[in-house]
Amino acid sequence: MVGRRRLGRKFGWLWASYAVSAYGSGLGFGALPLIAVLVLHAGPAEVSALSAVGPAVGALIAVPLAPWVEFRRKRPVMITMDLARFAAMATIPVAYASGWLSFAQLLVVSAVVAAAKIAFNAASGAYLKAFVRPDDLLVANARFESTNWSSIAVGPPLGGAAIGLFGPVTTVVADALSYLLSALGITAIRGQEEAPRTTDKSPLRAGALLDGWRHILGHPGLRPLYLNHMLVAGLIMATEPLLAVLLLRQLGFPPWQYALAFAAPCLGGLIGSRLARRVVARFGRHWVFRTVGTLRAIWLIGLAFVRPGVVGLVTVMAVELAIITSMSLYSPVLATYRLEHTPKHLVARTLSAWSIGQQAAIAVLTALAGLLADITSPRTALTVAGLLILTTPLLLPRHEQTSQHEPELSRSHS
């Protein structure tokens, strides 16, 4: 059982810190698009731009951060990134209370948070690999995945209620404070962290910026998984601002129903993440990548058929439940495979490259979907996204190399 495996005190603090920030982000789920719609009265193109431009700029900022993260102790990096996210998010309630909140500020905050998230995740992944045994990596990643989905299951309904009672920036305050608490939790981790070693006289050389992509694209298993993941993540996330406009403005869903439509299906995330280890043990990792990787792509088209009222709400929840259950089973297996097949001295740059590619795909596809929705309608754009994602299983690896473990990888690259 995943829940009974003991991974040590360090992991406990790291997991607790992750949980605090995850639940804070769950409360603030979709907060910036929601503020753009309800406070600044933004249209489909503006809401999509908020979800696209901010992460795109954040991804660009994260490119030079990758080698900087690689060659530094990871705990101070994680603390710094948490504090940066706290400071950025805290500016929103201050500006709102002063009457100065603007769309440009939301874009800047989105970019800073996106860049800090990429750097934080790269540092935490490298830190995790350094102290968790290889046999326990899937257990650790499944716990993070389970926490992520449980936070989204609990957070949005509470966040929607809080917005209704206390105003639209309430959940932003909670999200900001969660990053501060996360930083305190990581500070509480004891033990000396080994300083990264490098023989390169200039670890921040221009070539070091591309080392993560070189590793991914040169690896026969990671390359197809990377390309598939970028498209799937980009197309799924491109639907979020479209649904915000469709449900909140065109179909008249109240904020609490909008939050519930995304929160309740997250219970599927608990199921999928807890099954990951057993499914891999029974069917193998390649089966997960091929079969579950396909399943997570076939449901999105259902969002094009959302209607007003209870039927529409149930439709959104059913589609999201199917997607999330598949994703939560697939994601920890992918995260574990990625760590196993990346040498220690490249982990932060590889994880950064992965996240940057994902954010870039999300940004481009969200912007295109927003433009299409502005020209036609959100429902048309949802239909196009649902049809396009049906082609993504063609990018999944067809051979069994993803079921192979490479224990000599780190030595062969050293």
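For sorting lining residues I count Ala, Val, Leu, Ile, Met, Phe, Trp, Tyr, Cys and Pro as nonpolar, Asp, Glu, Lys and Arg as charged, and the others, Gly among them, as polar. The model I am working from is predicted.

Entry on cavities. I searched the whole structure and found three cavities of 30 Å³ or more. I then turned to the second largest cavity, which holds about 90 Å³ of space. Its lining has 13 residues, and those closest to its centre are Phe 29, Leu 34, Gly 160, Ile 163 and Ala 259. I noted that α2 (31-38), α6 (137-166) and α10 (255-263) are the elements giving two or more residues to this lining, with α6 giving the most, four residues. Sorted by the classes above, the lining of the second largest cavity comes out as nine nonpolar residues, four polar and no charged.

Entry on α7. I looked up helix α7, which runs over residues 170-187 and spans 27 Å from its first C-alpha to its last, close to the 26 Å expected for its 18 residues. I listed its buried residues, among them Thr 171, Asp 175, Ser 178, Tyr 179, Ser 182 and Ile 186. The cover over the buried residues of α7 includes α1 (9-27), α2, α4 (74-98), α5 (103-131) and α6.

Entry on the record. In the unreviewed UniProt entry I found "transmembrane region" placed at residues 12-40, 52-71, 225-249 and 255-275. Checking two of these spans against the model, I found residues 52-71 to be 95% helix and 0% strand, with end C-alpha atoms 30 Å apart, while residues 255-275 are 86% helix and 0% strand, with end C-alpha atoms 32 Å apart.

Terms used: Residues numbered from 1 in each chain as written. Predicted model: local features only at pLDDT ≥ 70, side-chain atom pairs only at ≥ 80, totals over all residues. Heavy atoms only, no water. 1 Å grid on protein atoms, 1.4 Å probe; cavity = no way out; pocket = protein on both sides within 12 Å on 5 of 7 lines; lining within 4 Å. Points joined across faces, edges and corners; volume = space filled by probe spheres on them. Expected span 1.5 Å × (residues − 1). Buried < 20%, exposed > 50% of the residue type's maximum accessible area, 1.4 Å probe, protein only. Contact = heavy atoms within 4.5 Å. UniProt positions renumbered as here; feature names shortened; annotations may be inferred.
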